[in-house]
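Keep the structure open and try each task before reading its solution.

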Number of protein chains: 4
Amino acid sequence: MMRKGRMEAFSHGVFAIIITIMVLEFKVPAHGHELNALIPLTPFFLSYILSFVYVGIYWNNHHHMHYLVSSINGSALWANLFLLFWLSLIPFGTEWMAANHFARVPVAAYGFLLLMCGGAYVILARILARQGGVESELAQALGSDRKGKLSLLIYVIAIVMAWWLPVPACILYAIVACIWFIPDTRIEKKVLKDN
Amino acid sequence: MMRKGRMEAFSHGVFAIIITIMVLEFKVPAHGHELNALIPLTPFFLSYILSFVYVGIYWNNHHHMHYLVSSINGSALWANLFLLFWLSLIPFGTEWMAANHFARVPVAAYGFLLLMCGGAYVILARILARQGGVESELAQALGSDRKGKLSLLIYVIAIVMAWWLPVPACILYAIVACIWFIPDTRIEKKVLKDN
Amino acid sequence: MMRKGRMEAFSHGVFAIIITIMVLEFKVPAHGHELNALIPLTPFFLSYILSFVYVGIYWNNHHHMHYLVSSINGSALWANLFLLFWLSLIPFGTEWMAANHFARVPVAAYGFLLLMCGGAYVILARILARQGGVESELAQALGSDRKGKLSLLIYVIAIVMAWWLPVPACILYAIVACIWFIPDTRIEKKVLKDN
Amino acid sequence: MMRKGRMEAFSHGVFAIIITIMVLEFKVPAHGHELNALIPLTPFFLSYILSFVYVGIYWNNHHHMHYLVSSINGSALWANLFLLFWLSLIPFGTEWMAANHFARVPVAAYGFLLLMCGGAYVILARILARQGGVESELAQALGSDRKGKLSLLIYVIAIVMAWWLPVPACILYAIVACIWFIPDTRIEKKVLKDN
C-alpha cells in the first residue's frame, strides 16, 4: 500500500529524464558548421519528435489515470515499474531506428517497444480498476477500452508491415500517437465533473 | 484538465535536467593538466553561461506565469510540451555553436531555437490567458506583452545578422537575456499584492 | 533535524536518475540493422533487468520505511546519503559485469556493491528505529530483520562463489531480488492498519 | 517573489542530477575483467567520494537555510541560480582532477570551484538574511558566520598550495568537508525548538 503521490512523483521523474536523455542522441557534427551538416541528423530529429510525443502522451494519460485512484497496492506498484521499464528502453529504440535510417528490423523493434509499453499500460489500468471494483470510477471511465485495444492491434500490424514497408510502419506509429494525442476524454469528463 | 501542480513539477524536472545535461558538453582534456588545456573550452564555457541564464529565465517566468493560473486544459498542456520540446534542444544548439567557435550557421541555428522557445512561450501564455477570459488576472498582467514581442523581433534580427556578424548576433542574444533577467514585474506585482 | 518529505523527494530523484542512467549503457549498434546486431547486447539487457529490479526494490522499501518515521536527524541523513552513494555505483557495476560477459571479478564486484547497499540499508533502518525507541512502530515492524540478515549472508556466499561459478552467483543475486520483490509485509501491515 | 517550495524543489532536482551525473565519469574498463583493471579508476573513485560528500553537504545546508525563510525575492532567486551554476561545474572539475591524477592545475581548479560555490552560498545566505531584517531568525542563526569565512580562507590557502603540494591541498578540501559534515548546528537548534 503506497500513497499515490509518491508513485506519481517517482514516475514523473523517470518520464522527465527519459524525455531529456533522448537529446543526448544528437551527436553534434563537431566541425561541420554549415547547414548541410545537419542533414545526417534528420532521422534522429524525426524519431526524436515521435518519441517525445509518445512519452508526453504516456505522462499525460498516466497522470489522468492516477487521478481516479486513491491508493496503490503492491501489484499496481510493480505493474507501474514494468511500464517504466519498457518506457526506459524507448531512447535506445529511438536511436537504433534513427542510426539505421528507419531500416526494417530497428523499426519493428521500436514497434515492439511501443507494443510492450501499451500492453504494460493496459495491465496497470486493469489492476488499478480491479482494485477499486467493477463499480469504481476508473473501471467505468475505462469501459471496454477500445482505444487501448485498437492501439495494440495497430502496433502488431505495423511490426509485421515493417519487414516490407518500414517507413509506412513508422507512419502507423505516428497515427496511433495522434489517436492518443487528445487526453483520455473518458477520464477527462470525470475530472471535469469533480472540479 | 490537470491540476497545475503536476504540470509544474514535470516541467521543473525537465528544466533541472536540461540545465545539468549541458555540463556533459565539457569534454575533459584527458591528459592536459595545464591551464592552457582549458583554452579550447572557452567557447563552451561562454555558451554554457548564456544557455544556463536562458533556461534559468524560462524556469523563473514559467513559474510566475503558472502562479496566476488555477488549472490547465488539454491545449495548454500540449503548448507546454511544445515549449519543453524546443528547450530540450538548447543543449544541442549550445554544443554545436561552441564546437564551431560561434560560426555563422550554428549561431543562427541557436537563435532559431531561442525564437521557437520564445514563440512557444508566447503561445502558452496566450492559451492560459484566454482560458481565464480577457478579464483574467494573467490576461491583465500580460497586457500587450511588449517584452515578448520585442524579444522575438531581436531574435529574427540576430538570426539574419549571424550570416555576416555571428559574434554580435550572440551579443544580441545576451541582451535579450538581460531584458528578461528581471522576473516579469507585471506578474510580480500581482503576486506581491496577493501575499 | 529535517522534515522527512524533503529527504524522500531528494532520494527518489536519485533513484529515478540511477534507474534511467543505466539505459545509457546500451550502446546502439550504429550500422547493424539486423536482429543479430542485438545479440552482443544480451548480457547488458539481462544485467539491466536485474539492476532495474534492485533499484525498484530499494525505492519501494525506502518509501515504506520512511512511512513509519516522523522526522530525520543528522545521522539518519548521512546514513541515507551512504546508501545513495552505493546505489549510485550500481550503473557502473552493471556495465562492467555486462561488458565482460559475467566474468568472475566483475560479478563479485557487483555482489560487493549489493552487499554495501544492503548493509547501508540495514544501518539506516537501525538508526531510524533507534531514534524512535525500542517501542517505536518501525522498531516493532523490523523485529529481528531476518530477511535483511539472510540477504547479506547470500551476497557473501555469492561473492565467494563467483570465483568459480560466476553465473550461478548471478542467479543467487536474482533469488535475493525475488525475496525482496514483495514489499516488506511487516511494514505493509502497519501501513494498512493506519489507512 | 516566489514560494520557497518551488525553488527548493528545483534546486534539489539539480542536486540529485549533479550527484548522479558524476557516476558517468567511471568509464568501464571494457575488456579488463580482473581486479587490477580497477586500479586506474582509483583517482576517480577518491574524487567521486569527495565531490559526493560536498554536494551532499550543500544539499543538506541548503535545505536547513531555506527552513528559516518564508519567501524568496528576485535577487535571492538569482543568487540561488549562481550557486547552482558553480555546483553544476563540480562534475567537470572532479573528472579533470581525477583524469590527471591530482596534478597541480586541476587540483587548483577544483579548489576554485569549491571557492566559488562557497562564496555563492555566503551571498545567498546574506541576501536571505537581509531580506528578513537583522532581527530575522536566519540572521541570528548565521551570526558572524565564522564557519563560512574559515572555509573560504582554507580554500584560498589550498589553491595556492596546490602549485607545490597538490595532494595535501586535496586533504585540505576534505578537512573543510569534515567541518561542514555536521549540519549547521546554529540552524539545527532553531529547527529543533520549532518542532
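Predicted model: local features only at pLDDT ≥ 70, side-chain atom pairs only at ≥ 80, totals over all residues.

**Exercise 1. Describe the build of chain A.**

Step 1. Count the elements. Chain A has nine helices and two strands.

Step 2. Read them in order. Along the sequence, the pattern is β-α-α-β-α-α-α-α-α-α-α.

Step 3. Check burial. Chain A has 195 residues, and 53% of them are buried.

Step 4. Look at the contacts. Take those in chain A between residues at least 6 apart in sequence: 81% join residues at least 24 apart.

**Exercise 2. Find how helices α7 and α8 of chain A are oriented, and what lies between them.**

Step 1. Locate them. In chain A, α7 covers residues 146-161 and α8 covers residues 166-181.

Step 2. Compare the axes. They come within 9 Å and cross at roughly 170 degrees.

Step 3. Apply the cut-off. Angles over 145 degrees count as roughly antiparallel, so α7(A) is roughly antiparallel to α8(A).

Step 4. List the partners. From α7(A) come A:K147, A:S151, A:I154, A:Y155, A:I157, A:A158 and A:M161; they meet A:P168, A:A169, A:L172, A:Y173, A:V176 and A:I179 of α8(A).

Step 5. Sort them. This contact has 11 nonpolar residues, one polar and one charged.

**Exercise 3. Explore the largest nonpolar core.**

Step 1. Get its extent. The largest nonpolar core has 243 residues.

Step 2. Take one example. Leaving out residues up to four places away in sequence, C:V55 touches C:F15, C:I18, C:I19, C:L87 and C:I90.

Step 3. In soluble globular proteins, nonpolar side chains tend to be buried together.

Methods
Residues numbered from 1 in each chain as written. Chains lettered and ligands numbered in written order. Axes fitted to C-alpha atoms, helices over the stretch in contact; angles between N-to-C directions. Helix = DSSP H or I, 4+ residues; strand = E, 2+ residues; numbered from the N terminus. Parallel < 35°, antiparallel > 145°, perpendicular 65-115°, else oblique. Contact = placed C-beta atoms within 7 Å. Nonpolar A, V, L, I, M, F, W, Y, C, P; charged D, E, K, R; others polar. Core = buried A, V, L, I, M, F, W, Y, C linked by C-beta atoms within 7 Å. Buried ≥ 20, exposed ≤ 12 C-beta atoms within 10 Å, placed from the backbone.
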